[in-house]
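Visitor: I have a model open and would like to walk through it. Can we start with a pair of strands?
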Amino acid sequence: MRIALFITCFNDTLFPGTGRAVVEVLERLGHEVDFPVEQTCCGQMHGNSGYQPEATELARRFVRVFGDAERIVSPSGSCAAMVREQYPSLARLAGDEQLGRDVAALGERTFEFSELLTDELGVEDVGAVFPHRVTYHPTCHSLRLLNVGDKPLRLLRAVRDIDLVELPEAQECCGFGGTFAVKNADTSMAMLGDKLRHVRETLAEVVVAGDNSCLMHMGGALRRERAGVRTMHLAEVLASRGA
Amino acid sequence: MTVGFPTRAREELANAQLRRNMGKATATIRAKRARVVAELDDWEALRSAGAGIKARALATLPEQLERLEASVTAAGGVVHWARDAAEANAHVARIAHEHGVDEVVKVKSIATEETQLNEALAAEGITAHETDLAELIVQLSNDAPSHILVPAIHRNREEIRALFERTIAQGQQLTSDPPALTEAARRFLRERFLRARMGVSGANFGVAETGTICVVESEGNGRMCTTLPEVLVTVMGIEKVLPEHRDLEVMLQLLPRSSTAERMNPYTSLWTGVSADDGPREFHLVLLDNGRTDVLADEVGRQALRCIRCSACLNSCPVYSRTGGHAYESVYPGPIGAILTPQLRGLDEAPTLPWASSLCGACYEVCPVKIDIPSVLIHLRGRVTREVKSSRDPEAVSMAIVARAFATRRRYETAQRLARLGRGPIARLPLGPLAGWTATRDLPEVPAESFRQWWRRRGEAAAGGERSETERGEAAAGGEPSGTERGEAAAGDEPSGTER
């Protein structure tokens, strides 16, 4: 299967390892990855911060760049949700019916990484080996906008030698929320403090999630505290062969 | 004008007692709600029905309100219309004066908190006694409610015992056992119920078809207030109208499970006008607008008017459960308050509230009438940005620059390279170190090689230096405005080909 990678500007710039891991897993499974280099940003930050006209322009660009792709995968729950769940409301707000039709069609072909693997490619065991104690944080947008349910957990359970422990109060937000993390930094930190307390309770070495933005928030505080817990994107765990 | 959510939240978050009370109370009610909701196989269908009923009522609001007026009048009640809080309060005060009454007993009502009725009555020499236990606690301590349903959720038993010993149980030694505290309140309130000649209530629902008003409560104090006094005045927001009596079947299933996590509500009072031998001899219904028709004019924002004040969104909100209600500076706190307050009062009166959320979506998931709170928050952020903020606002300037950088591949790739040096549009993002991220969190280093650089390097290695098919195709189909591109390049950006 030919799959277009929607890397997201955030991963492209700050977490290229996640993109390389997605490519490695998909190629290992025998699929062809295409990377439309004209892609930039989906516009989520603008859209969620009140700059809808700017976000709509980026949505139009996304349609031009990914319009022909058969299947689109993103290693970000919230950026995939932007395309699938929020582009339609941008089109409505702009009164652009053509854009509305385009994004509706595109949304049906856009998947978050764990959805693509389990639903579209029908795999749970991707041949990964990861001999570490791991806990999984379900990010809000993957959980409540995309409804990925236990798909990421099914993929993790199939990883060899993994010691997967349940995160208490897992479904509660980590406090990132995009610009929320700086505009309401105090509240964001109060939420993060509780999330990390639960992470420590699991005695995990690694916190895994499907979105590097939430992981940057959690990881930034874990590093600052020298907590001895690292963060890792789901794709990187699935790409691992035992290191 | 308000202080603003970030500042008020910062103050509230520092209160360890509040954090413990709120964390415990919201976790308990959240778990109980989840249990009783899980008992119903048709919960999702009920939610859809609830949303549909309220949407229909709002879409035909003028017609439903006229039907309500006609049916209440036919049943012997009197209907008054109030454009704003002052008009509503004036109606209530006038009715009190007409009956020579200088004190009233009140059922817990957020509409009258909104209009600040108690203060308005006090100015007219009329004392209002709150009779809901938690409202009484709030009133006795000159405090403000912090929760729609549990106004004193921020207080614990010890604080309440001390308060009662100072006020209604002076000279007594109470214990902090809930029965002992309730008993003290009961003795104090019973006397007032028996003495009062006028009762004031809000309304959970008003049925247009029959003129029936419905008040839902848990303590029986509401039943006392609506049946014992000679005169009853109900202040009802116009969005509380239900078209048909049968609509109550859906609402009375949704509301108790969502709010108190009960299968059935303990005291549900329904009355239609006046009855010859029972209850009050006079009934007045004050229909309150106070900004609601403005909310109705906003196609996206109007769904906030579906709210049945269950407070499930508050209890499920990770922000509210830490900051408590006072940080919202409104009688409507939590996620619903964050979308209702700015719309009712005007965006410029509460411009920070649409940002008082991480957009986690927990509120939408539990809302019994399916108000898509995150979408309304995003919509209102847009309205604040366009209607209240200046285009010269530093954030607006940054956002415009970043949007421009993301508009073409070349500018985007230049911005990525500059970010590595801590400069350029990406470094200006509201998540950058200057915006306070690094006060508490480390920021990752920008890696030396972006994903796209790796991809190109890999493609070129495989194809022996040739540009890949895809890349050529994309570049040809890109169709960038070349004038702007040239301008960018001339402004000192190296062409992207040199990246290797």
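Visitor: How do β5 and β6 of chain B run, and how many bridges join them?
Guide: This is a predicted model. In it, strand β5 (residues 205-207) of chain B and strand β6 (residues 212-217) of chain B run antiparallel, joined by two bridges.

Visitor: Which residue stands opposite G206(B)?
Guide: I213(B), which belongs to β6(B).

Visitor: What holds paired strands together in general?
Guide: Strands of a sheet pair through backbone hydrogen bonds, and the pairing is either parallel or antiparallel.

Visitor: What is the strand order in the sheet with β5 and β6 of chain B?
Guide: The order is β8-β5-β6-β9 (chain B). The sheet is open, has four strands, and its pairing is mixed.

Visitor: Which strands stand at the edges?
Guide: β8 (241-242) and β9 (267-272) of chain B. Each has a single partner strand, so one side of each has no neighbour in the sheet.

Visitor: Change of topic. How many residues does each chain put into the contact?
Guide: Chain B contributes 54 residues and chain A contributes 53 residues.

Visitor: Which element of chain B gives the most to that side?
Guide: α18(B), with six residues. The elements of chain B that give two or more residues to the side touching chain A also include α1 (5-13), α19 (394-405) and α22 (451-463).

Visitor: What classes of residue are on that side of chain B?
Guide: The side of chain B that touches chain A has 30 nonpolar, 13 polar and eleven charged residues.

Visitor: Back to α18(B). How many residues does it have, and what span is expected?
Guide: α18(B) has 16 residues, and 22 Å is expected at 1.5 Å a residue. From its first C-alpha to its last it reaches 21 Å, which is close to that.

Visitor: Which of its residues are buried?
Guide: Among them are I373(B), P374(B), V376(B), L377(B), R381(B) and T385(B).

Visitor: And what do the buried residues of α18(B) pack against?
Guide: Helices from both chains. From chain A there are α3 (44-49) and α4 (52-66), and from chain B there are α14, α16 (334-345), α17 (362-366) and α19.

Visitor: Is L203(A) buried or exposed?
Guide: Exposed, because L203(A) has 11 C-beta neighbours inside 10 Å, and a residue with 12 or fewer counts as exposed.

Visitor: What about S311(B), what is its phi?
Guide: Phi of S311(B) is near 75°, again positive in a residue other than glycine. S311(B) sits in the loop between α13 (292-296) and α14 (312-316) of chain B. With 28 other C-beta atoms within 10 Å, S311(B) is buried.

Visitor: How does the radius of gyration of chain A agree with a compact globule?
Guide: A compact globule of 243 residues would have a radius of gyration near 18 Å, and chain A has 18 Å, so the two agree. The C-alpha trace of chain A spans about 50 × 45 × 30 Å along its principal axes, and that of chain B about 95 × 55 × 45 Å.

Definitions and conventions:
Residues are numbered from 1 along each chain as its sequence is written. Chains are lettered from A and ligands numbered from 1 in the order in which they are written. This is a predicted model: local features need pLDDT of at least 70, side-chain atom pairs count only at pLDDT 80 or more; totals for chains, interfaces and linings use all residues. The radius of gyration is taken over C-alpha atoms; the globule rule is 2.2 Å times the number of residues to the power 0.38. Two strands pair if DSSP finds at least two bridges between them. Two residues are in contact if their C-beta atoms, placed from the backbone, lie within 7 Å. Ala, Val, Leu, Ile, Met, Phe, Trp, Tyr, Cys and Pro count as nonpolar, Asp, Glu, Lys and Arg as charged, and the others, Gly among them, as polar. A residue is buried if 20 or more other C-beta atoms lie within 10 Å of its own, exposed if 12 or fewer, and partly exposed in between; C-beta atoms are placed from the backbone. The expected span of a helix is 1.5 Å times one less than its number of residues.
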